[in-house]
Structures are given as C-alpha cells and as structure tokens.
Amino acid sequence: MNFKAGYVMVMGLPNAGKSTLMNRLLQQKVSIVTHKAQTTRATITGVLNTPNMQAIMLDTPGYQERRDKLNKMIRESFKTLVPYTDVALIVIDPITMKLLAKEKHNNDATPFHNLIDMVNSMPVPKIIALNKWDKYPKNMFYQAATTLGEYIQYDELIPISATSQRAGNNIDSLAQLLEKYLPVGEKICDAETISTNNEGFLASEFVREKIFQHTNEEIPYSTAVLTTAMDETNTVIHLNMDIMVKTNSQKGIIIGKNGQMLKRIGEEARLELEQLLGKRIYLELYVRVNERWDRDIESISGL
Ligand SMILES: Nc1nc2c(ncn2[C@@H]2O[C@H](COP(=O)(O)OP(=O)(O)OP(=O)(O)O)[C@@H](O)[C@H]2O)c(=O)[nH]1
Ligand SMILES: [Mg+2]
C-alpha cells in the first residue's frame, strides 16, 4: 500500500475541541486546552505517525472576528497556511448549530459564516468532526449534520468524542479518514518529531495554559508568555520566561500571596513539560508589566 503524508488543518470556532482532538490523535499533549474560549493563539503543529501515514496536524486558533491586533495577526497567519493544507478537518460543537438556528439574523452568527466561507474557499477534501458525542443527546448530531450539509460540501462527516475513552468515540475511524484523504507521499519529518514548534515556544504555551486555568476574568486574555532564554543539555532544559501582563494588579494576582500562585503555575507546567520533552525542566518565571504587549506583538517572535 502507498504511504500517505501531508498537512491537516484543524479548523473551527473557539471551544469546539480542536486542541483536545489533536492531542487525542497524537496520544500526547502538545496543544494546550482549557474550558475558556480562545485558548489557542498560534498554530501548533503535531506529528501523527501511523504505519501507513504521517499527518502533520496544524491546530489553529478558534476562528473569530475581533478587530484587535492579536486577532488580526491570528487571521493572517491562518491564511498563510491554506496553500500548504492537504485536508481540512473542521471540528464543530453541535451546540453551535442550535444557536445558529436561533440567531440567523444576529451578528453572533458572523464567525460561523466566516468560518464556512474560509472552509469553502479551500480546494481540499473536507472532513467534519462533530465533537462532544459524550455530552449531548444524539438527535442533536443528526440535526447538526443535516444543517451543515446546507453550508459545506463536505467529503465526510463523523461524530466523535475527543475526550471519551469509551468505545464509539470514533477517534481511530477519524485517523483512518485522514489516511484516506491525504495524498500519497513520503514522510515529511522523522518519526521522532512530536511538533515542529520549538521547545521554548511549547514551554511558554504550557505556562500560559496554567495561567488560563488558575486565573479568571480578563487576566488570561491580558497575559502573554515569552521564552527569553533556553539552555539545553542531553538531560536538562533550563528556561527563562517572561509572563507579560498589562497592569500592576494583574502582576500581583499572578504572583499571588507569598508567590504561591506563580509557584503553582511553574510546578504544574514543569511536570507536564517533563512528560512531553522527556528531560528535567527548570523554569524561571518573571512577571513583567507591559501595557502594550499586544500592540508590540509583531516584535514578539513565536507568539
Ligand atoms: N464533553 C466533552 N468536552 C470536550 C470534548 N472535546 C473538548 N471538550 C472540552 O471543550 C473545551 C474546549 O476544548 P479546546 O480543545 O481547548 O477547544 P479549542 O477548539 O482548541 O478552543 P480554542 O483554542 O479556544 O479555539 C475544553 O474544556 C475541553 O475539555 C468532548 O469530546 N467532550
Ligand atoms: Mg485550541
């Protein structure tokens, strides 16, 4: 049988479960996940190897419309990926289809329509994964499948659960569909590669996830994490990172009473990074106030 290889763009609205699904396919946590919308800010790659295929998965930020600089950058970086894409994997939470029916004439439906326009403009096979099979009544999936057919000429539609360990989550079947639609080709990178993002960037993402998980309201969205120095040996990686916030009070919250919050963020991120990268990790975290980090963002490489 011919070996298959190529790029799979994982697309969808915020909170659909794109990053969860990617990690599940890879059986490894590469992309950070939280219950808050707009967790992913930059494209995260993960390499899915099976005996018959190598899929380079591109986990993209949830598609939405805010006009700030960060979102503009996200949309632009997204467009640059389109020419590389061999298969579009569109992850949909069926609840959005229900909301859409109610909001046909409402601005809230705009991100969905923009996503659909983007998907339809891509000349590649389209696989829809209707996610969260474990969470909703089954008839919601049938209805969503019918409605989606009015918007997208998809090649395949499959209900899945990215989180369920039970039979019927369809994760293996989805991997087989990717294999079916990827082009014949040779391996793109060697089989040991987990991600083509560099380790310093992945590390900063894991720290950002902990901030998303342990802080509330505007803080996650006012924060960026940047690896400023990295020193690596065969067994140890030493990383310095700046956690950038916008105000002094945000800085106080991230550091926490007696530094407890910062310590917790660092420890939890370190443990997960050690698993992912297979080395001892030392993190030195500094919290800095930079009111303009999102405006200065072009100078922040890797974000
Ligand atoms: N019940 C259930 N929850 C899920 C499933 N897949 C993802 N979730 C949850 O949905 C939430 C969002 O998941 P993410 O993977 O961060 O979603 P995303 O599409 O990457 O979101 P952005 O990065 O913000 O665009 C998390 O709380 C997940 O645990 C699923 O199959 N079932
Ligand atoms: Mg994500």
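Hi everyone, let me begin with a definition: Ala, Val, Leu, Ile, Met, Phe, Trp, Tyr, Cys and Pro count as nonpolar, Asp, Glu, Lys and Arg as charged, and the others, Gly among them, as polar. What we have here is a predicted model, where local features need pLDDT of at least 70, side-chain atom pairs count only at pLDDT 80 or more, and totals for chains, interfaces and linings use all residues. Residues are numbered from 1 along each chain as its sequence is written, while chains are lettered from A and ligands numbered from 1 in the order in which they are written.

Now, the ligand. Around ligand 1 there are 24 residues, and G17, S19, T20, T40 and G62 are the closest; a residue counts as near if its C-beta atom, placed from the backbone, lies within 6 Å. That shell has 14 polar, six nonpolar and four charged residues. Which helix gives the most to the shell? Helix α1, residues 18–26, with three residues. Helices here are DSSP runs (H or I, at least four residues), strands likewise (E, at least two), numbered from the N terminus.

Next, the sheet. Six strands form an open sheet in the order β2-β3-β1-β4-β5-β6, with mixed pairing; strands pair if DSSP finds at least two bridges between them. At the edges sit β2 (44–50) and β6 (156–159), each pairing on one side only. Strands β1 (residues 4–12) and β3 (residues 53–59) run parallel, joined by seven bridges. As one example, G6 has A55 in β3 as its bridge partner.

Finally, the chain is divided into domain 1 (4–181) and domain 2 (199–299), with bounds from an automatic or database domain assignment.
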